[in-house]
Amino acid sequence: MEIVIVPSADEAGRVVAGIVARALAAGARTLGLATGSSPVGAYRELARQHREEGLSFAGVRAFLLDEYVGLPANHPQSYASVIRADLVDHVDLASDDVHGPDGAAPDVEEEARRYDDALRRFGPVDLQLLGIGTNGHVGFNEPGSSLDSRTRVATLTDETRRDNSRFFTGGEPVPRRVITQGLGTIRAARHLVLVASGRRKAAAIAAAVEGPVGSSCPASILQVHPHATVVVDEAAARLLERADRYRDGAGHAIPGRRS
Ligand code: F6R
């Protein structure tokens, strides 16, 4: 696992965008996309590189991590809408090539199975972007999720619903149920890239990177993945005991960065 500590959230976004751009240049054709605030800086930088430097997503197939149950795809907070606004509308990713579970499907259990099958068929995902919840979740695999879980309907914790209420205006409740790729589904990706910034993520990052591997901190699966990269700003890194060692090694892990 490589840990990259950078001074700011903006720099974390640039580093992550650089990892994605290099993966595309090296032939990656299947991307796993996270939503929420964590990857927004990376998406902004990818859009800039598309606009100004000709970075192309042509021929790339993208898969979302998760979706709220009960929100139609055109709801502004559905992850189908969020990824359009944050990335797809700004690059040459064909919208037909952006896949996610349908949270408004009549049978969401069946929809979760269908989505997992699609991931098996088109996978493995070459590069999977991840954020992390304040409780250590990845995708919407809350603490206690099986490390081998597949895409399924899951229930959010009150903590996650509180965290995400900032995206829902006018008192609209955050849905309780979601369809999420499982930890086993996520682990099948070739390269996991997790990005986090800000003090409120520090405890989750410390648990994920330096705590025991287990379902109490779902993001700890990165410790047992053959190719995982964690990009954090100083605020999110502040509880890492081995931060100095990671700073020493970062230049070797990320081409183009100074050691
Ligand atoms: C979103 C997702 C979640 C978020 C996490 C952090 O697709 O899978 O795991 O990455 O809840 O959310 P933010 O980035 O908004 O703090």
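User: What is the phi of glycine 27, which follows helix 1?

Analyst: This is a predicted model, in which local features need pLDDT of at least 70, side-chain atom pairs count only at pLDDT 80 or more, and totals for chains, interfaces and linings use all residues. Residues are numbered from 1 along each chain as its sequence is written, and side-chain values use heavy atoms, with hydrogens and water left out. Helices (H or I, at least four residues) and strands (E, at least two) are DSSP runs, numbered from the N terminus. Glycine 27 comes after helix 1, and its phi is positive, near 105°.

User: How far apart are the end C-alpha atoms of helix 1?

Analyst: Helix 1 covers residues 9-25, 17 residues in all. The expected span is 1.5 Å times one less than the number of residues, so helix 1 should span 24 Å. The model agrees: the end C-alpha atoms are apart by 24 Å.

User: Which strands are among the elements that cover the buried residues of helix 1?

Analyst: Buried means under 20% relative accessible area, exposed over 50%, partly exposed in between (1.4 Å probe, protein chains only). The buried residues of helix 1 include Ala12, Val16, Ile19 and Leu24. Their cover, by contact (heavy atoms within 4.5 Å), includes helix 2 (40-53), and among the strands are strand 1, strand 2 (30-33), strand 6 (127-130), strand 9 (191-196) and strand 10.

User: Which residue of strand 10 is the bridge partner of glutamate 2?

Analyst: Strand 1 (residues 2-6) has 4 of its 5 residues buried, so the rest of the structure largely encloses it. Two strands pair if DSSP finds at least two bridges between them. Strand 1 pairs with strand 10 (residues 228-233) in the parallel sense, over 5 bridges. Glutamate 2 has as its partner threonine 229.

User: Is asparagine 164 buried or exposed?

Analyst: Asparagine 164 lies in helix 5. Beyond its neighbours within four places in sequence, asparagine 164 contacts Tyr68, Tyr79, Phe140 and Val174. Its relative accessibility is 9%, so asparagine 164 counts as buried.

User: Which element gives the largest share of the lining of the largest cavity?

Analyst: On a 1 Å grid over the protein atoms alone, a cavity is a set of points where a 1.4 Å probe fits but cannot get out; lining residues have an atom within 4 Å of a point. The largest cavity has a volume of about 300 Å³, the space filled by probe spheres set on points joined across faces, edges and corners. Of its 23 lining residues, those closest to the centre are Thr35, Gly36, Ile132, Gly133 and His137. The largest share, 3 residues, comes from helix 5 (residues 158-164).

Methods. 1 Å grid on protein atoms, 1.4 Å probe; cavity = no way out; pocket = protein on both sides within 12 Å on 5 of 7 lines; lining within 4 Å.
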